[in-house]
Amino acid sequence: MTDIVLSLAKATKLYAGVPAIEGVDFDLRRGEIHALVGENGAGKSTLTKIMAGVVTLTSGTMSVEGVDVAPQTPLEARHLGIAMVFQENSLVPTMTVAQNLFLGQEKFYNRLRGIYIAAQQFLQSLNFDVTPTATVGALGAAKKQMVEIARAVLNKAKVIIFDEPTASLTPEEKKYFFDLVRDLKKRGVSIIFISHALEEALLLADRITVLRDGKHVVTADASKFDRARIVQAMVGRDLSNTLYGVRKTDVRAPGRRVLAVQNLKMAPMVRNNSLSVFAGQITGVFGLVGAGRTETFKIVAGVMKRDFFHGGEVLLNEKPVRYRVPAPAVQAGIVYVTEDRKVEGFFETSSIARNIYLGLLAKFPKGRMLLSKRETSATGSTWIERLKVRAIGNEVKVVELSGGNQQKVVIAKSLIQEPELIIFDEPTRGVDVGAIVEIHELINRLADEGKAVVVISSYLPEIMALSDRILVSRQGKVVEEFSALEATEEKIMYAAIH
Amino acid sequence: MITAVRKFANLVLGRGEATITVPSLDGALKPNQRLESAQTVLECPAPEDLASDGDALYIADGARLLRLEGAAAIEVRTFDRPISALAALANGGLAAAFGNEVRLYSSAIAQNADAVFGGGSLNAVNSLTSMPDGALIATDGSSTRSVDDWARDLMELGCTGRVLRLEPGTGAIRQLVGGLGYAFGASPSGNNILVSESWRHRLVSIAPNGATRVVLHNLPVYPSRLSPAAEGGFWLTAFTARTQLVEFVLREPAYRRRMIDEIDPEYWVAPRLSSGHSFKEPLQGAHIKTMGVMKPWAPPRSYGLVIRLDPDGSPLYSLHSRVDGVNHGIVSAIEHGGHLVMIAKGPRRVLKLPLARIAEGLEA
C-alpha cells in the first residue's frame, strides 16, 4: 500500500475560461496534517472542493491510494473516504446531533433510541462532549464542528478536509480542536487544513503547501517555514512586520466621549455592561466567543432589538438613544460592520456598485423615490478605487469576489454613510493577509480622521496591533481595560478567561 | 397622550427616564491606586480647603487656619467658626468663607476683615476663586441647606446652587447663575468660569453674560472644587463616586422622606466621604466572577478621585483611591511647590504627590 493517500497532478479548474487553479501538483501522506495556505483567491477552496467532489477538474488527474479517480459528487468522494468540513457547516440545524450523524445512512425502520445510544457511544469513543439528543441549531460553533468531525470519522473517512476550522472558535476551543486533530492523525486519518491563521498552520501541520494566484508555490515540512517565509510565499512580498509584528509605541489621545453604554442588560448575553468609546481612538474589544461583545454593539447599532424588560442605557454624544432597527442608528452616525458578511453584509448576487449604493440609500430617512444608475456607477467606482477593491469593474457580482474584497465592499457600504462611530466586528475574519494590511490601514486612517472606531476581534495579535485602548469582555460585561502600551497577550487572555 | 403612555410604560418597564444607570470609570477615568501612594503630609481634625499664594500653602482646618512649612503645620490663627472655603488674593490677602459669610483680609494674620459679604445673601459658600480683575467668585451650594448638610440637599434633589461674583471694591454681590444642582468649585477659564455642578454630575462653563454651556456631561462621580494646573488645564476633585443604589433612592421620594425622618444621617443611603466604620452602613449587593469563583463585592459608598482636565475641560487622566483604599472624599487639590497637594476629607488628611511623576503610566 502506498504512503500517498491522495494526490493531484497538473490539476486545473477553469470558471468561464478563467483558471481558479492551474497546473497544481499536490500530494497527501497517510496520517499527516497538511496545511494549505494562501491569500483569498489563491485557489485553496477550489483545490479542496475538487478533492471533495463538489467541483470537477477541467484537466489533470486525481488519485486515491494510487487509483485514478474523478469524484463527480460529494457522495462519491465520501465513498472514496474523503470528507470535507466546510467553513459554514453543513449540518441540519433542526435535527438532533444523532440524526445529523446518521443522516444519509438511515435504515428502513429507524428507532430514535437506538440512534441516540449509538451516537452516544460513538461520541464518547472520540471523547467529544456533545449531547446526542441536543438540537444542532442550539449548539455553539465548536460543538457543531465536533459533530462535523464525528460524522466524517463515522463515515470512515481516510482524508478529512477542514476549511477555516478555527475561525469561529475561542482560544480554548482551538486548543481542544488541535488535540482532536492530533488524535485523528494518530488514528491514521490524513488531514488537510486551510487556515488564514499562519501560527496555527505552523503549530499543527507536518507539511505546508502555499498557493498563490491559483498556482502551486511551495510545499515543504512545517519546520522549514516561519511566519515571514510563509507570508512572503503567499503574497510575494514581506508583510509580516507590517501586519502584526510591530508593537505600538504610541497611542492616540482620547477625544470626546462619543458612546457611553451604561449598565446594559440583555440576558443571557449582556450582563450589566458598561463602557465608553472616544473620538479619534481605536477601542479594541477582546473576549472569548459568548462574552457578549457582539451583542452589546449590535444593541448599540440597532441590529439587535432589545426586549421590553431589559435595562440599561446607551448614550450617543451624551444623549440617550434606543434603536430598534439599524436605519435610525445609521442616520445618527453609527454603523456596524458585521462579522458575518455573507449573511448580513451584502446581497451577493448584486453588483459591487449596487451594494455600495444601497449603503448610501440607508442614510436617507425615507429612502429615495428615484434611483440613479449613473450615481450608482459613479459611487461604486469611487469606492472601489478608494478601498482598492480588486475587481474587473463595478458591475461584478459580490459573490464572485474573494473574501478580502467582499469585506472591502461591506466596509465601503458602511463608510459611505459618513458615520461618526464605526463598529468593526471581526474585520479580517476569512480575509487574506494582503487585504488585512489594507483593512488595518483603513481602520487607522478613520481613527486619525477623528472617528470613534471600535474593533471587536477574537484574534489577539489583531487587537494588539490596532487598538489604542483594549477592553476585555467576559461573561457579558467589560471586566478590564488596558492601554495598548501596557497590554500584553498574557494579561489580556488572563482577564478574558479568569 | 402618547408621551404620557410612553412615560408610564417606561416607568413600569424601567426604561428611558426610569433607567437607573451609572457611567463607567474608563478611558481617562480608568481606576488606579495612585492616591493611595500619596504621601500624608498632615492629619488634622477637620480639613476643608487649601489656598496657595505661591509662597505659602494655607489649610483650613475647622476654625483654624494653618500654614504648611516643610512637613510641619503652623497655626496662623483661629476664627470664630469653621471655615468653609479659602482663597489667596492677588494682593497678598486672604479670603475665607464661613458658610453664609465671606470675609476678606489684607493678610493671613490681619485681625480685622477689610470687607465682609453676607447679610442673608449667602448660605452655603463652599469655594472661593480669585479672578484676574480682583473680583471673587463664590459658589453657594444650596440656598436652603448649610455646607455641612450637603447630603440632605442631595436627598431633597436640591437645585438652588448659585455662582456669585463678589466685588471687593463696592461690596456688591452679583448672581451669575442660579438653579444649579449644588455648585461646588469654580475656576477661571479664559473669559468664562468653569463650575462644578455636583448633583448633575457635570461641569458647566459660564460666560460673562451668564450664558451656560455644559463642558463635561454625565460624570460617574460627584465633581467638587477645581484649581488651575500650571501646564494649562485644571485639577478637578470628586468627593465620591455615583452608585446605582443612590441613583435608585434618588428616584424614590417616599423612601427618601422616610429615610430622612427616621434614620440617622450617618446611615442614609447617600454618598459619604468615608465608609466602612459600621455594620449599619447600607450596602449595595453585587458580585463578580474572579478565578472562576463568584465573589460578592460592594460598590463604593465613598471614593477618592482627582481628574486632570485639559484646557477644554476634557479628562486627560485621573488619580484614584478605590473601594479598598482610605484616601477618600477628596475635596481640594492645588499645585504647590512642585507637588499636587490634596485634602482627603474621609481620613482627614492632607496628601501630596510629586507633579513630575504624577502622570507616569496614566496618560491614555
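**From the whole chain to one strand**

Tutor: Residues 24 or more positions apart supply 68% of the chain A contacts that have a separation of 6 or more. Contact here requires two C-beta atoms, placed from the backbone, to lie within 7 Å. This is a predicted model, in which local features need pLDDT of at least 70, side-chain atom pairs count only at pLDDT 80 or more, and totals for chains, interfaces and linings use all residues. Residues are numbered from 1 along each chain as its sequence is written, while chains are lettered from A and ligands numbered from 1 in the order in which they are written.

Along the principal axes, the C-alpha atoms of chain A fill a box of roughly 70 × 50 × 50 Å. Of the 498 residues in chain A, 50% are buried. Buried means 20 or more other C-beta atoms within 10 Å of a residue's own; exposed means 12 or fewer; partly exposed lies in between; C-beta atoms are placed from the backbone.

Now the part itself: strand 19 of chain A, residues 469–474. Here 6 of the 6 residues are buried, so the strand is largely enclosed by the rest of the structure. In a regular strand, side chains alternate between the two faces of the sheet. In strand 19 of chain A, one side carries Arg469(A), Leu471(A) and Ser473(A).

Next, its partners. Two strands pair if DSSP finds at least two bridges between them. Strand 13 of chain A (residues 281–287) pairs with strand 19 of chain A in the parallel sense, over 5 bridges. There, Thr283(A) stands opposite Arg469(A). Strand 20 of chain A pairs with strand 19 in the antiparallel sense, over 6 bridges. In that strand, Ser483(A) is the bridge partner of Arg469(A). Strands 19 and 20 of chain A form a hairpin with 2 residues between them. In its turn, Gln475(A) has a positive phi of about 50 degrees.

In all, 23 residues of chain A are in contact with 20 residues of chain B. The elements of chain A giving two or more residues to that side are strand 11 (257–266), strand 12 (270–278), strand 14 (313–316) and strand 20 (477–483). Strand 12 of chain A gives the largest share, 4 residues. By class, the side of chain A that touches chain B has 9 nonpolar, 9 polar and 5 charged residues. Ala, Val, Leu, Ile, Met, Phe, Trp, Tyr, Cys and Pro count as nonpolar, Asp, Glu, Lys and Arg as charged, and the others, Gly among them, as polar.

Strand 6 pairs with strand 7 of chain A (residues 159–163) in the parallel sense, over 4 bridges. Met84(A) stands opposite Ile161(A) of strand 7.

A helix gives another pattern. In helix 4 of chain A, Ile115(A), Ala119(A) and Leu123(A) are buried. Seen down the axis, the buried residues of helix 4 fall within an arc of 60 degrees, so they line one face of the helix. The arc is that of the directions from the helix axis to the C-beta atoms. The face turned away from the buried side of helix 4 carries exposed residues, Arg113(A), Gln121(A), Gln124(A) and Ser125(A). Just after helix 4 of chain A, Asn127(A) takes a positive phi of about 65 degrees.
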